[in-house]
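Dear colleague,

I am passing on the structure we spoke of, and my notes on it follow below. Please read them with the coordinates open beside you.

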Amino acid sequence: MITSYFKMDINHIDNDIITKCSELLKRGKLVAFPTETVYGLGANGLDEKAIAGIFKAKGRPMDNPLILHVNSMDMVKKFTEEIPSVAYDLAKIFWPGPLTMIFRKNDLVPYAATANLDTVAIRIPSHKVALALITACGFPLAAPSANYSGKPSPTDSAHVYEDLNGKIDAIIDCGKSNIGIESTVLDITGDIPVVLRPGGVSIRQLELLIPNIISEKVTDSSAPKSPGMKYRHYSPEAPLYLVQGENEKVVSKISTLAGNNTGILCSLENMNRYHTGKRICLGSIANSEQLASNLFDSLRIFDKLQVDTIYSEYFEYGEYKEAIMNRLKKASSGTISVT
Ligand code: TXA
Ligand code: MG
């Protein structure tokens, strides 16, 4: 398959490209498109065959449901049984944006999109290109992150190209994703909302609105509520180990372990303290947003550097600490504690 490549400027929506891509999607084809979190691999969310194509192109386990991307609350109403009032409160603040809510689905949503669940994940993205594409299609776009299953999520069209060129019909390139980490997935079908995946809306932001929100189990992989969370994810080629403990001890432990071909994922503050190995700086510990947005790209760079092993500092800093550590733990082969 030849993958068409369309370049677009977020400030100048090219309607010809949007029309071409929506025509492809209407014909059941797969189009990768930018969102503010990460790139998505889109298909008509009401077309079972097209949805099957997503699973095939990504090599995605069949029991991992997809998010439907829509452009309005009216579209949410169209595909759900009932909308709990908390959804309106959340939507008012966080939509369009990096929040995915789980609703009870109605019969219009095929089980192919939900991996046979009676619930459906829905998000209104804020990216102008994503919204233009949904509007031109008139149907929800089922879209997982546009990476090959198990790889770090794509925060740039080049990542999509690396993983899916030749496997999908088109890629819309709109440069780097602004947020760089996926949406927060929130289950609102029960009495108390439960965070299934921390992401672009922080736990703290959600707690301001829902003080009793359940979020503490988000990194407990033994009991996954969100099917996607049980798989090893985001993994660079080389095994990655997290090194946890007091900062001085972490730096000294990693320094002892590192050889010339070792990858080191570190903070800006510690960067110059390592003298062996291939360092990648995730950003300053004072800038949680930056740490989150550099994470997936950094993991992919280690592949290019062909390191043997990666040691990563523990990045429990600031607003996005849960999201960052959730992804790092999924990417890792284990944790080394230094006490
Ligand atoms: O930011 C994002 O969320 C990106 C962009 C493209 O929107 N999408 C994304 O999709 O990250 P994906 O498929 O990589 O992750 C979707 C997550 C998975 O963990 C999946 O298990 C969960 O949402 N999910 C989807 N439907 C669900 C449902 N009905 N119940 C529970 N979890 C669900
Ligand atoms: Mg994904």
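The domain bounds used here come from an automatic or database domain assignment, and the model itself is predicted. On that assignment the chain is divided into domain 1, residues 4-215, and domain 2, residues 240-337, and the centres of these two domains, taken over C-alpha atoms, are 28 Å apart. To their contact domain 1 contributes 24 residues and domain 2 contributes 16 residues.

Between domain 1 and domain 2 an area of about 1,600 Å² is buried, with carbon and sulfur atoms giving 50% of it. On the side of domain 1, Pro 152, Ile 181 and Pro 198 lose the most area to domain 2, and together they make up 33% of what that side buries.

As for polar features, the rule finds five salt bridges across the interface of the two domains, and nine residue pairs are in polar contact between them, both residues being at pLDDT 80 or more. The side of domain 1 that touches domain 2 draws two or more residues from each of α7 (157-164) and α8 (203-209), and by class that side has six nonpolar, 11 polar and seven charged residues. A salt bridge also joins the side chains of Glu 319 and Arg 204, at 3.0 Å from N to O.

Glu 319 is also among the residues that Ser 288 touches, as are Tyr 317 and Ile 324. Ser 288 lies in helix α10 (residues 288-305) and counts as buried because its relative accessibility is 7%, under the 20% cut-off. A polar atom of the Ser 288 side chain lies 2.8 Å from the backbone nitrogen of Tyr 320.

With best wishes

Key. Residues are numbered from 1 along each chain as its sequence is written. Chains are lettered from A and ligands numbered from 1 in the order in which they are written. This is a predicted model: local features need pLDDT of at least 70, side-chain atom pairs count only at pLDDT 80 or more; totals for chains, interfaces and linings use all residues. Side-chain values use heavy atoms; hydrogens and water are left out. Helices (H or I, at least four residues) and strands (E, at least two) are DSSP runs, numbered from the N terminus. Buried means under 20% relative accessible area, exposed over 50%, partly exposed in between (1.4 Å probe, protein chains only). A polar contact is a pair of N or O atoms within 3.5 Å; within protein, one must be able to donate a hydrogen and the other to accept it, and residues adjacent in sequence count only if both atoms are side-chain atoms. Contact means heavy atoms within 4.5 Å. Buried area is the accessible area (1.4 Å probe) that two parts lose on being put together, summed over both. A salt bridge is a side-chain nitrogen of Lys or Arg within 4 Å of a carboxyl oxygen of Asp or Glu. Ala, Val, Leu, Ile, Met, Phe, Trp, Tyr, Cys and Pro count as nonpolar, Asp, Glu, Lys and Arg as charged, and the others, Gly among them, as polar. Lists of a residue's contacts leave out its neighbours within four places in sequence.
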